[in-house]
Amino acid sequence: MEEKKFDFNSLIGFVLLGAIMLWWMYDNQPTPEEIKADKNKNTEQVQEEVIKHEVNNSNVESQITVQKNDSISLIKAQNQLGDFAYSASLPSATDNETILENDVLKLVISNKGGQIKEALLKKFTTYDSLPLYLIKNHNASFNISFGTKDNRTLNTKDLFFEPTLSRSGENQVLSMKLKVADDKYLEYRYEMKPGEYMVDFNIQSQGLNSSLNTAQQVGLDWNLKGYRHEKSITYENQHTELYYEKEDEKIDYLSMASDDSAIENDVNWVAFKQQFFSSILITEKGFDNASLASDNLVKDEEIDTVFTKEFYLKTPLLLENGEFDYKMNWYIGPNDYQILKKYDRNIKEVINLGWGIFGFINRTVFIPVFNFLKGFIGSYGLIIILLTIIVRIFMSPLVYKSYLSSAKMKVLKPEMEEINKRLPGKENAMKRQQETMALQSKAGVSPLAGCIPALLQMPVFFALFRFFPSNIDLRQKSFLWATDLSAYDSVYQLPFKIPLYGDHVSLFPILASIAIFFYMRMSQSQQMNMQQPTQEGMPDMQKMMKMMMYFSPIMMLVFFNMYASSLSLYYFVSNLLTVTIMLIIKNYIIDEDKIHAKIQENKKKPKKEGKFRKRLNDAMKQAQEQQAKQKRKK
């Protein structure tokens, strides 16, 4: 057995190991500052845990509050809307919007009411170069009011529709559904085609017969306040009016000058027509018992500068088996005759081209000629001048006829004055008239020959009076100093306003007035020749004609100062050309000596008395005999 010995080396190792442990324990003791910081840290951790706990509790409480509020709102909606409370519970129950847009028209449709909130015509601007909106900032409203089975009356403008945007070929389709359940709803269906201002619009429903009170009338209300778009709000307002077509395709309209209203049956379409733009609602079924109204909003053009007129349509909608089923169309666009006549709904009649023969002349002559000229002439001012020249050339034979008749009467006038001298006094009035007519008949001269050509020119005059203000092609087209041929031209702004005249000076009406003065002066000389010598007791026609010579240019100067410059340009050029043609006829075509010789030849020839002339002469003889009898009795 081996004897154990003391190991000195092991002792030294244990001593060193113990020293190292004592040093490590002493050196890693925390300082007072570290101990304080550690205590703070622990406190913060505890606080964070408490806060997290409180937040979690708060979130739970908030969720409970929201759920409570949602429940309260749902109960409130159910109390107010009944079955239609379902629509208010959907995510679409907001003021969100959906856009339908093509290259000419942009529509913004709101979830609230499912109606058009904005309508922008993309190819047009206002007179002050702003985007042109027909609908914006709540100036229009489209609403259907209806009753429910639980005795409520609701309005679609207050309810929320659910939008679904899709495509049908190249067309955009927007379905706006006012739901009472997923499979029960009232639907507005909009369909927009590329490049079209006409939008298909259907009102239909599914499964609402169990919710609607069919015994209560369903009412459609549509109203719009027309924004001012043109330079002169007064002139624009004169061409702003409500048009409508009845079942027999008869077009009618409300007064443009004042507030007006009407109640009509079987209305096919209603147009809220402004000077150059319209909003037209068209229906296939026809509106029965439609109440129409128009209010003039321009009482003072210095103050009322935003809107022109406010239009209203109120009409009942008929349900079929408790459901809606209306096929409609919206036209929201320009009053362009070429665009409107493409549709077979007669809406082109909103453009006032004049009634009867005046409209016929515009449709068959001036519109085709104008469109032909604009195909190769870029300046619309030059088109107006060229159109005027064409009109004057075609009218020149009538001017010639009138002037020829005037020359004949001038040659015959000395003989008529001789009859007046030979038969003076009131007692010879019948005899005097009879001999004068016999002289004219023998000479082959008729006073009516000079009047008829002038009357034949009147339809052209009135047709063009309607044509230029309604022609949208002239809108914002410039010529010389006129910046817009559809509005007045202004060369000087007055510091004050003159009643009837305005606060500016237009140059084209001044030029037209000067031309009219010279035309009236020449015409007066011509008509003086055609007038029989003034007889005793009869008004002096010469004095009246002199008054007209000064009065007509003044009327032109005053009233046309606010009219379209295209109209004044036409009258200026037209009267200038007429004066030129009359001078040419007078100085180079008419030979009074030849006319006199011809009249003398006619007087020698036996003249067969016409039936009308015979009856007239017989009537005058009877009157003369009665007058002689009365004179003998006295």
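How many nonpolar, polar and charged residues are in the lining of the second largest cavity, by class? The legends below answer this in the fourth view.

This is a predicted model, in which local features need pLDDT of at least 70 and side-chain atom pairs count only at pLDDT 80 or more, while totals for chains, interfaces and linings use all residues. Residues are numbered from 1 along each chain as its sequence is written, and side-chain values use heavy atoms, with hydrogens and water left out.

View 1. Strands (E, at least two residues) and helices (H or I, at least four) are DSSP runs numbered from the N terminus, and two strands pair if DSSP finds at least two bridges between them. In the whole chain there are 14 helices and 21 strands.

**View 2. Strands 5 and 6 and the loop between them.** Strand 5 (residues 140-147) runs antiparallel to strand 6 and is joined to it by 3 bridges. Gly147 has Thr153 of strand 6 as its bridge partner. Thr148 is placed in the loop between the two strands. This residue is buried, with a relative accessible area of 2%; buried means under 20%, exposed over 50% and partly exposed in between, with a 1.4 Å probe and protein chains only. Neighbours within four places in sequence aside, Thr148 is in contact (heavy atoms within 4.5 Å) with Phe84, Leu154, Ser211, Leu212 and Asn213. Of the 634 residues of the chain, 44% count as buried.

View 3. A cavity is a set of points, on a 1 Å grid over the protein atoms alone, where a 1.4 Å probe fits but cannot get out; a pocket is an open set with protein on both sides within 12 Å along at least five of seven lines, and lining residues have an atom within 4 Å of a point. Grid points are joined across faces, edges and corners, and a volume is the space filled by probe spheres set on the points. By this rule there are 3 cavities of 30 Å³ or more. The largest cavity has a volume of about 150 Å³. Its lining has 14 residues, of which Tyr337, Ile367, Phe467, Asn471 and Asp473 lie nearest the centre. Helix 6 gives the most to this lining, with 3 residues.

**View 4. The second largest cavity.** About 80 Å³ of space lies here. Among the lining residues are Gln115, Ile135, Phe142, Tyr190, Trp222 and Trp330. Strand 5 gives the most to the lining, with 3 residues. By class, the lining has 7 nonpolar, 2 polar and no charged residues. Ala, Val, Leu, Ile, Met, Phe, Trp, Tyr, Cys and Pro count as nonpolar, Asp, Glu, Lys and Arg as charged, and the others, Gly among them, as polar.

**View 5. The second largest pocket.** This pocket holds about 430 Å³ of space. Of its 21 lining residues, Tyr243, Asn352, Leu353, Gly354 and Trp355 are the closest to the centre. By class, 11 residues of the lining are nonpolar, 4 polar and 6 charged.
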